Amino acid sequence: MKELQRMPRTVFVNGEYLPEDQGKVSIFDRGFLFADGVYEVSAVVNARLVDYPAHMERLGRSLSELRMEWPCTRAELDTMHQEMIHRNDLTEGIIYMQVTRGSADRTFNFPKVPVKPTLIAFTQAMSLVDNPNAVTGVKVVTTPDLRWARRDIKTVMLLAPVLGKQAAYEQGAQEGWMVEDGFVTEGTSSNAYIVKDGKVITRGLSNEILAGCTRRALFRLAREEGVEIVERKFTVEEAYAADEAFLTSASQFVMPIVEIDGKRIGGGQPGPVVRKLRALFLQEAGA
């Protein structure tokens with residue numbers, strides 16, 4: 001995806017808006033030492049946040065599951081997001097925000113003396129609506145799912161997805177679909193779907209995958225339009241034989257997949273179901 005951001009940006013670090021080269025956190029931050037933190041990525045279209053309430057709801061759940069405190073009030077977070085859009089003149093792109101348990105001497109157990117969580121945020125301008133990949137579709141390769149068991153928590157512990165994404169790029173693909181016991185779990189940075197006989201098939205929510213906010217919105221839109229969604233596991237072989245395939249994420253919305261492991265899907269062109277669902281989501285996002 002083409003990034004449009006031009007330097008310098010204004011970033012947010014623990015209550016301060018700073019030039020990006022001045023945005024720093026302690027070397028003792030537990031996010032840096034232990035990946036002891038969570039994050040959210042919210043899309044921005046026409047200078048407006050997309051699915052923002054769902055992202056904040058998921059943030060609250062992630063913090064709760066890791067027994068972490070909110071870094072500030074919800075109202076302050078809302079203000080920060082709006083201010084980041086304004087200060088960076090962000091019309092289209094994303095806002096990345098991250099919360100860690102804070103800075104303390106390195107011990108595996110939580111700090112005995114309470115410390116203030118670290119909160120940072122930055123923007124990236126991207127072409128989300130007119131992403132050319134939505135016209136051509138993207139390629140995917142499968143890769144082993146090496147992650148921990150609590151994938152439902154949106155943690156910054158992303159080394160396994162990084163390795164999977166890099167392996168995909170090195171094979172000329174844009175995304176990796178992670179596989180466990182022969183079944184696709186999800187993409188390295190997206191949720192995974194196939195379409196067969198007009199029905200959308202995707203794994204049900206559990207600790208094994210992340211509850212995507214775009215996924216959640218898509219389910220609602222699909223129901224309203226009479227598109228059936230079946231929540232169940234699907235194998236790699238089923239994916240090869242699918243009529244269509246696609247992924248969803250905050251930065252790619254609904255993205256058609258035209259090739260998996262070198263095998264063409266749907267004749268190598270985005271199919272009617274995914275085209276319809278993307279159009280519905282863009283309309284919902286105010287594009």
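A polar contact is a pair of N or O atoms within 3.5 Å; within protein, one of the two must be able to donate a hydrogen and the other to accept it. In this predicted model, such a pair involves Thr-202: a polar atom of its side chain lies 2.7 Å from the backbone oxygen of Ala-192.

Thr-202 belongs to strand β11, which covers residues 199-202. Its relative accessible area is 2%. Because buried means under 20% relative accessible area, Thr-202 counts as buried. Leaving aside neighbours within four places in sequence, the residues in contact with Thr-202 are Ala-192, Tyr-193, Arg-215, Phe-219, Ile-229, Val-230, Glu-231, Arg-232 and Phe-234.

**Strand β13 and its partners**

Tyr-193, one of the contacts of Thr-202, also has a bridge partner in β13, namely Phe-246. Strand β10 (residues 191-196) pairs with β13 in the antiparallel sense, over five bridges. Strand β14 (residues 253-260) is likewise joined to β13 by five bridges, and these two strands run antiparallel. Thr-248 has Val-254 of β14 as its bridge partner.

An open sheet is built from six strands in the order β2-β1-β6-β5-β3-β4, with antiparallel pairing. At its edges are β2 (16-19) and β4 (48-50), each of which pairs on one side only. On average, neighbouring strands of this sheet are turned by 30 degrees against each other, direction ignored.

Within the sheet, strand β3 (residues 37-45) and strand β5 (residues 92-100) run antiparallel and are joined by nine bridges. One of the bridge pairs is Val-41 with Tyr-96 in β5. Helix α2 (residues 52-65) lies across β3, β4 and β5, and runs at about 180 degrees to β3. Helix α3 (residues 74-87) packs on the sheet, where it touches β1 (10-13), β2, β3, β4, β5 and β6 (118-125). The direction of α3 makes about 140 degrees with that of β5.

How do the two helices meet? The axes of α2 and α3 come within 12 Å and cross at roughly 130 degrees, so the helices are oblique to each other. Their crossing is right-handed. On the α2 side, Tyr-52, Pro-53, Met-56 and Leu-59 take part, meeting Arg-74, Leu-77, Asp-78 and His-81 in α3.

Most residues other than glycine have a negative phi.

| Residue | Phi | Location | Relative accessible area |
|---|---|---|---|
| Asp-197 | about 55 degrees | loop between β10 and β11 | 65% |

How values were computed. Residues numbered from 1 in each chain as written. Predicted model: local features only at pLDDT ≥ 70, side-chain atom pairs only at ≥ 80, totals over all residues. Heavy atoms only, no water. Helix = DSSP H or I, 4+ residues; strand = E, 2+ residues; numbered from the N terminus. Buried < 20%, exposed > 50% of the residue type's maximum accessible area, 1.4 Å probe, protein only. Contact = heavy atoms within 4.5 Å. Pairing = 2+ DSSP bridges. Axes fitted to C-alpha atoms, helices over the stretch in contact; angles between N-to-C directions. Parallel < 35°, antiparallel > 145°, perpendicular 65-115°, else oblique. Left-handed = near helix turned anticlockwise from the far one by under 90°.
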